[in-house]
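Subject: Structure handover

Hi,

Here is the structure I promised to pass on. My notes follow below it.

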Amino acid sequence: MLNDIQEVLYSEEQIREKVKELGEQLTKDFEGRNPLVICILKGAFIFMSDLVKEIKVPLEIDFMAVSSYGQSTQSSGVVKIIKDLDVSVEGRDVLIVEDIIDSGLTLSYLIDVLEHRNATSVTVVTLFDKPARRTVDLQPHYKGYTLPDEFVVGYGLDYAEKYRNLPFIGILKPEVYS
Ligand code: 5GP
Ligand code: MG
Ligand code: MG
């Protein structure tokens, strides 16, 4: 598994520090509120579980699974809800937790859906951002690291469902997927 990695971009240690910082900021900004924190499966599952431990306000969590990629490394542009939320977002301050924003298609679709369901506010936190690849106008409110235009895996992110369990984020060798 480690043989398939070309380069480690951020170590487990660095990610832990960054997640802590994001949690501190979110704690301040959500003080006095009771956000519904939504994990976008599967990629954000590790980030979500580390992040909520650092957000020191009362909160609730829920999960949503969407698909747009399949086995490919590029967004198909078609977003499908595979698993919907268990609870209503009406009147809630929603915090969407994403692993990475690439084209932005997945998130802009989700934000639309949640706003139509009358969430009071929709805030986005992503651990990673690849702004160079954006095809829609979308800026996350909070982000961890800006990444180069490379396909990355680890810390929850997969290629063909593999590598999610790597504790760091790294670039996959192109020969693995080409
Ligand atoms: P977008 O709709 O912004 O193009 O892509 C959103 C989703 O595609 C992300 O939440 C993530 O699950 C997946 N994705 C985007 N870029 C990468 C990447 O570099 N590596 C991996 N493993 N998944 C990615
Ligand atoms: Mg994702
Ligand atoms: Mg994936």
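Four bridges first: 4 of them join strand 1 to strand 9 (residues 169-172), and the two strands run antiparallel. Strands here are DSSP runs of E with at least two residues, helices are runs of H or I with at least four, and both are numbered from the N terminus. Two strands pair if DSSP finds at least two bridges between them. The open sheet has 3 strands in the order 1-9-8, with antiparallel pairing.

Housekeeping. This is a predicted model, in which local features need pLDDT of at least 70, side-chain atom pairs count only at pLDDT 80 or more, and totals for chains, interfaces and linings use all residues. Residues are numbered from 1 along each chain as its sequence is written, while chains are lettered from A and ligands numbered from 1 in the order in which they are written.

Confidence. Mean pLDDT (the predictor's confidence in each residue, from 0 to 100) is 94 for the protein, and 95% of its residues reach 70 or more. The model scores ipTM 0.95 and pTM 0.94. Where pLDDT is low, predicted coordinates should not be read in detail.

Overall fold. The protein has 4 helices and 9 strands. Along the sequence the pattern is β-α-β-α-β-β-β-α-β-β-β-β-α. The C-alpha trace spans about 50 × 35 × 25 Å along its principal axes. The radius of gyration, over C-alpha atoms, is 16 Å; a compact globule of 178 residues would have a value near 16 Å, which agrees. That rule is 2.2 Å times the number of residues to the power 0.38. Buried residues make up 31% of the 178. Buried means 20 or more other C-beta atoms within 10 Å of a residue's own, exposed means 12 or fewer, and partly exposed lies in between; C-beta atoms are placed from the backbone. Of contacts (C-beta atoms, placed from the backbone, within 7 Å) between residues at least 6 apart in sequence, 67% join residues at least 24 apart.

Helix 1 (residues 12-29). Its 18 residues should span 26 Å at 1.5 Å a residue, and its end C-alpha atoms are 26 Å apart, which agrees. The expected span is 1.5 Å times one less than the number of residues. I15, L22 and L26 are buried. They cover an arc of only 35° around the axis, so they lie on the same side of helix 1. The arc is that of the directions from the helix axis to the C-beta atoms. These buried residues pack against strand 1, helix 2 (45-52), strand 6, strand 7 (142-146) and strand 9. The face turned away carries E13, E17 and K28, which are exposed.

Helix 3 (residues 105-116). T106, L107, L110 and L114 are buried. Their arc is only 85° around the axis, which puts them on the same side of helix 3. Their cover includes strand 3 (60-67), strand 5 (93-101) and strand 6 (121-129). D112 and H116 are exposed on the other side. N118 follows helix 3, with a positive phi near 65°.

One loop residue. P167 sits between strand 8 and strand 9. P167 counts as exposed because it has 12 C-beta neighbours inside 10 Å. Its C-alpha atom is 5.5 Å from that of E12, 155 residues apart along the chain.

Best regards

Notes
Contact = placed C-beta atoms within 7 Å.
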